[in-house]
Amino acid sequence: MAARTALITGISGQDGAYLAELLLAKGYRVHGLTRHVSGAGVARLPGAAWREAEIQGRLQLHLGDLLDGTSLTRLLEAVRPDEVYHLAAQSHVAVSFGVPEYTFDCNALGTLRLLEAIRGLGLIGHTRFYQASTSELFGAVTERPQRESTPFRPRSPYAISKLAAHWHAVNHREAYGLFACCGILFNHESPRRGEAFVSRKISLGLARIDAGLQDCLRLGNLEARRDWGHARDYVEAQWLMLQQPAPDDYVIATGEQYSVREFFQAAAEEAGFDLAWEGEGIDCVARATAVPSGSRARAGQVLLRIDPAHLRPSEVPDLCGDAGKARTQLGWQPRTDFRALVREMVAHDRAVVRGAG
Ligand code: NAP
Ligand code: GDD
């Protein structure tokens with residue numbers, strides 16, 4: 001049987017890198033959309049897997065952009081993929097307040113451009129489509145935990161753009177019969193997470209403080225609560241959705257919730273720091289009462305301060321998902337717990353920072 005063909009938009013991102021690895025291991029031919037401005041390129045794909053796949057001609061990158069419908073149509077026409085994993089997006093919530101029009105163009109209209117290209121090329125009956133929806137859709141939540149039936153109450157330009165994309169995918173399923181699945185994924189992190197997201201900012205920041213390369217971390221809202229899983233586990237759910245007999249939408253989450261403050265506390269402990277919390281609100285600081293042996297940081301040093309610049313105009317304070325449907329219908333469940341996730345990220349960034357020093 002011929003190898004199945006997948007197209008991943010956003011292959012240079014966190015999820016794209018893990019998903020490409022997963023699909024290559026399953027014998028797929030993988031095509032990735034990358035844009036000209038990409039800084040990391042495929043740097044997040046581990047070297048060995050990337051070289052081996054390239055040698056075998058099973059991984060191919062193509063220039064394109066969600067803002068350029070022609071490039072999307074041309075690529076879909078050339079590749080005629082069995083499966084499209086649409087992961088590309090302007091994915092940073094805080095950034096979306098600064099560039100709301102761009103965010104909507106990229107995330108909402110970009111998705112529509114892809115869907116309409118699939119339809120225009122007559123690929124509806126051939127191509128299965130995964131839409132990267134998000135727990136941000138629940139926003140100002142109306143029930144806990146959030147499940148597929150929980151109403152959407154988006155609270156940022158990012159979430160609103162993703163809401164439009166979500167409904168376009170659903171509408172292509174209902175109106176034209178496209179096999180389209182929306183994965184409503186809660187936060188998922190990893191050592192490949194972008195450095196501007198809070199988990200990676202913390203793991204990398206602590207490694208840099210330990211090495212004497214950074215004085216302290218400056219964060220925004222410490223009390224926001226998130227349901228944090230591992231990206232490696234979550235891309236498996238993306239694949240499983242497209243292997244089902246019928247398309248559907250699924251919440252993917254761990255069902256456990258921790259605050260940003262708790263993430264920082266756990267990461268500091270994993271990095272070998274003892275902490276004392278002092279002050280309230282924007283005056284809150286975390287001070288090291290003990291530091292790891294060999295550290296360039298010193299006992300008494302302030303490791304964390306609040307910087308109002310990182311507070312958002314509107315916040316999503318409280319996310320926690322119920323992935324019961326995915327567990328029952330996909331046989332999916334997370335493998336990595338919160339503490340193991342934090343440990344892996346802290347250990348990775350310590351090794352990276354020490355290696356660079
Ligand atoms: P990410 O690391 O930020 O990756 C985003 C990807 O999109 C990158 O490959 C980026 O390319 C690409 N991209 C951005 N703008 C583009 C454009 N105009 N044209 C083509 N490509 C473009 O995101 P992620 O964490 O892997 O998340 C993957 C998807 O899941 C995103 O849609 C995100 O919104 C959604 N999601 C993420 C989470 C999470 O917790 N991670 C949860 C729910 C949903 P460059 O390398 O060139 O920047
Ligand atoms: N990025 C960031 N930087 N967030 C901070 C900081 C900081 O300095 N300080 C506190 N936070 C808080 C944010 O206000 C938010 O409540 C929480 O930490 C998590 O922020 P991010 O890591 O930026 O993630 P997010 O939850 O806003 O969005 C991510 O998850 C969504 C799924 O729920 C992104 O990956 C989205 O693309 C994704 O849809």
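Author: Let us begin with how residues are sorted: Ala, Val, Leu, Ile, Met, Phe, Trp, Tyr, Cys and Pro count as nonpolar, Asp, Glu, Lys and Arg as charged, and the others, Gly among them, as polar. By that scheme, the shell around ligand 2 in this predicted model divides into nine nonpolar, eight polar and seven charged residues. Residues are numbered from 1 along each chain as its sequence is written, while chains are lettered from A and ligands numbered from 1 in written order. Local features need pLDDT of at least 70 and side-chain atom pairs pLDDT 80 or more, totals for chains, interfaces and linings use all residues, and side-chain values use heavy atoms, without hydrogens or water.

Reader: Which residues come nearest to ligand 2?

Author: A residue is near if one of its heavy atoms lies within 4 Å. Of the 24 residues around ligand 2, the nearest are S91, S135, Y158, R312 and E315. The backbone takes part as well: nitrogen atoms of ligand 2 lie 2.9 Å from a polar backbone atom of A196 and 2.7 Å from one of G220. An oxygen atom of ligand 2 is 2.9 Å from a backbone N or O atom of V198.

Reader: How much of ligand 2 does the protein cover?

Author: Accessible area comes from the Shrake-Rupley method with a 1.4 Å probe. On its own ligand 2 has 710 Å² of it, and the protein covers 95%. Helix α7 (198-210) and strand β8 (217-219) are the elements giving two or more residues to the shell; helices (H or I, at least four residues) and strands (E, at least two) are DSSP runs numbered from the N terminus.

Reader: What is the strand order in the open sheet?

Author: Strands of a sheet pair through backbone hydrogen bonds, either parallel or antiparallel. Here seven strands run β3-β2-β1-β4-β5-β6-β11 with parallel pairing, where a pair needs at least two DSSP bridges. At the edges, β3 (59-63) and β11 (250-252) each pair on one side only. For one pair inside the sheet, follow β4 (residues 83-86) and β5 (residues 128-134), joined in the parallel sense over four bridges. V84 has F129 of β5 as its bridge partner.

Notes. A polar contact is a pair of N or O atoms within 3.5 Å; within protein, one must be able to donate a hydrogen and the other to accept it, and residues adjacent in sequence count only if both atoms are side-chain atoms.
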